[in-house]
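This report considers selected residues of one protein model. The sequence and structure are shown first.

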Amino acid sequence: MPNQPVSGNDLARFAGQGTFMRLPKVENAEGLDVAFVGIPMDHGSSWRSGTRFGPAQVRNESSMIRPYAVQTGAAPFDALQCADIGDVAINTFNLRDSIRIITEYYDTLLKRDVIPMTIGGDHTITLPILRAIAKKHGPVGLVHVDAHADVNDEMFGERECHGTVFRRAYEEGLLRPNDVYQIGLRGTGYTAEDFDEPREWGFNLTLAQEVWHKSTAPLAAQIKKNMGAGPVYITYDIDSLDPSIAPGTGTPEIGGLTTPQALELVRGLRGLPIVGCDLVEVAPPYDTSGNTALTAANIMFEMLSVLPGVPYR
């Protein structure tokens, strides 16, 4: 039988070893269908630091989540072998070296037939993950939920940081540009043309105000209908949510998505050939209640629940 999260009826939820959903901690991904990985890194951030503490707190808050999704019927642990394989040992003093370390880590991880689910860390981590994912699967379609497009050419002279990820990924051929969907974009910009270039590449942009007071289920259905053939990666930046809901993040922008919209969007992606996911930019120092990390942990569970092979009861 696949690994099961430790039940709150067997061990109090405030006890245990601090893995995602209190799954077993293992040394490598051998025999796994899904591997939860932490990348505690924040030196790719341009505003507030603190996402280095994200993986630990998301794991801690995930202790509250039970294995069966009552609202949808998803039962991921009935069929998928899941475990937590710990954190990537990044170089906390060197961003470029950390990017190299992450790429090499995922190159090794993906020698096995496993879906990585990564807890960040700032959004820089998605670039080296995509480099490794593309080596195995080829260019991917992308569902990118975020307040920011992250398509700057450089920031303070650096070409690899959390605000340049998807320009680099586009330039390097890691993405299928017409199958890139960026959702929740908002805030202020540098020029009136900030989003023109990614649209010219083929990216599909949905500004937050386009879904204000609306269900995101139709948007998810449209993405599924229009997504081309081939593997898909999901990257979820917690700052896509309104800061009244998720204040614990480094670059908050008002006017964001709600949690029901987030759930509808992720649930609507069921059926896509997803080969990896990440949840980034949780910065616990700015939310002492833990609610941002709790929300992030639940979104991770929702992404797990739409992976290929998950049964619904």
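Where does Arg22 lie? Arg22 is placed in the segment before β1 (34–39), strands being DSSP runs of E with at least two residues and helices runs of H or I with at least four, numbered from the N terminus.

## Basis of the model

This is a predicted model, in which local features need pLDDT of at least 70, side-chain atom pairs count only at pLDDT 80 or more, and totals for chains, interfaces and linings use all residues. Residues are numbered from 1 along each chain as its sequence is written, and side-chain values use heavy atoms, leaving out hydrogens and water.

## Backbone features

Arg22 has a positive phi of about 60° although it is not a glycine. Its relative accessible area of 5% makes Arg22 buried (under 20%; exposed is over 50%, partly exposed in between; 1.4 Å probe, protein chains only).

Asp150, in the loop between β4 and α4, also is a non-glycine residue with positive phi, near 55°. Asp150 is buried at 10%.

His144 belongs to strand β4 (residues 140–145) and is buried, at 0% relative accessibility. Its side chain forms a polar contact of 2.9 Å with that of Gln182 (N or O atoms within 3.5 Å; within protein, one must be able to donate a hydrogen and the other to accept it, and residues adjacent in sequence count only if both atoms are side-chain atoms).

Arg167, in helix α4 (residues 165–171), is buried at 12%. A polar contact of 2.8 Å links the side chains of Arg167 and Glu197.

Asp150 is among the residues touched by His144 and among those touched by Arg167, contact meaning heavy atoms within 4.5 Å.

How values were computed. Lists of a residue's contacts leave out its neighbours within four places in sequence.
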